[in-house]
Amino acid sequence: MIEAMDIVKTFRSGKKKVPVLSRVSFALEKGQTLTIAGKSGSGKTTLLNCLGGLEKPDSGRIRCFGVDVTALSGKSQALFQREKVGFVFQYGNLLSYLTVSENISFPLVLNRFSSRKKEMRIKGLLEELELTGLSRAMPHELSGGQAQRVAFARAIAHVPALLLADEPTASLDTATGRNLIRLMVRMGRENGVTIIASTHDNEIIRHSDRTIWLTDGKITG
Ligand SMILES: Nc1ncnc2c1ncn2[C@@H]1O[C@H](COP(=O)(O)OP(=O)(O)OP(=O)(O)O)[C@@H](O)[C@H]1O
Ligand SMILES: [Mg+2]
């Protein structure tokens, strides 16, 4: 189960304090899918970053599968992120000096998958995400949509317990986006992965168990 309780986050801009999340609370059962919707600047990315421990809320608690994410630091935080979480960042974040295959294998190496398992997993993901033929390409040789799919493959490669996806279909055409959503939903069902995705994509909203709407950092629906 994932529980966010009264999450407050404020950024400083010069001397001004900018409230970004105001007492955000929700609970989600293992294996459920939650969509975070809301206008640009409403706090979606910040909330996802807090959930994965990339950002610390000013106050409030986040518990993921019994772990208090807000209290993690150092090695325990790194282990939690490496084993339990898959991140799809809003802006690609592929490692520019690694090929497509090497990028996807990154979490598999960290989580000590055998070479055989690694190869099979990469091959399967490349096929499912229509990236076959690009395994040796470098990130700068990819289109935006291809890079987004590689980032998605990397996030789900080790089958994380929690997938945090920040607008995962934003640079994809409708058909490719649907394909990715199908894969995400299927992976969630088959492996009991809890999925939290921010999006403007109605197709993702339709496929999720719940949607929360953020307006200026507050849940408004
Ligand atoms: N590191 C930061 N320092 C200062 N302000 C920030 C920082 N990160 C985000 N903000 C501010 O917090 C607010 C929420 O940003 P966030 O990225 O969470 O929005 P978002 O809902 O993901 O928007 P988008 O749909 O455009 O991706 C914005 O007003 C943004 O300017
Ligand atoms: Mg964002």
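You'll find E167 in the loop between strand 7 and helix 6. Helices (H or I, at least four residues) and strands (E, at least two) are DSSP runs, numbered from the N terminus.

Before going on, a word about what you're looking at: this is a predicted model, where local features need pLDDT of at least 70, side-chain atom pairs count only at pLDDT 80 or more, and totals for chains, interfaces and linings use all residues. Residues are numbered from 1 along each chain as its sequence is written, chains are lettered from A and ligands numbered from 1 in the order in which they are written, and side-chain values use heavy atoms, with hydrogens and water left out.

Back to E167, which has a positive phi of about 45° without being a glycine. Most residues other than glycine have a negative phi. D6 is another residue with a positive phi, near 55°, and D6 isn't a glycine either. D6 belongs to strand 1 (residues 2-13) and counts as partly exposed, at 32% relative accessibility.

Now for the inside. A nonpolar core is a set of buried Ala, Val, Leu, Ile, Met, Phe, Trp, Tyr and Cys residues joined through side-chain atoms within 4.5 Å. The largest one here has 34 residues, and the members that touch the most others are I104, L142, F152 and L163. Two or more residues each come from helix 3 (100-110), helix 4 (115-128), helix 5 (144-156), strand 7 (162-166), helix 6 (174-191) and strand 8 (194-198). Helix 5 gives the largest share, seven residues. A separate core of 26 residues lies apart from this one, and its members include I7, I36, C50 and L214.

Next, the rings. Rings of Phe, Tyr and Trp (its six-membered ring) pair if their centres lie within 6.5 Å; planes under 30 degrees apart count as stacked, over 60 as edge-to-face and the rest as tilted. That rule gives one aromatic pair. The ring centres of F87 and F89 are 5.3 Å apart and the planes meet at 15°, so this pair is stacked. F87 is buried at 15% relative accessible area, while F89 is partly exposed at 28%.

Last stop: D68, in strand 5 (residues 67-68). D68 counts as buried, at 18% relative accessibility. Its side chain makes polar contacts with the side chains of R61 (3.1 Å) and T70 (2.4 Å). A polar contact is a pair of N or O atoms within 3.5 Å; within protein, one must be able to donate a hydrogen and the other to accept it, and residues adjacent in sequence count only if both atoms are side-chain atoms.

Definitions and conventions:
Buried < 20%, exposed > 50% of the residue type's maximum accessible area, 1.4 Å probe, protein only.
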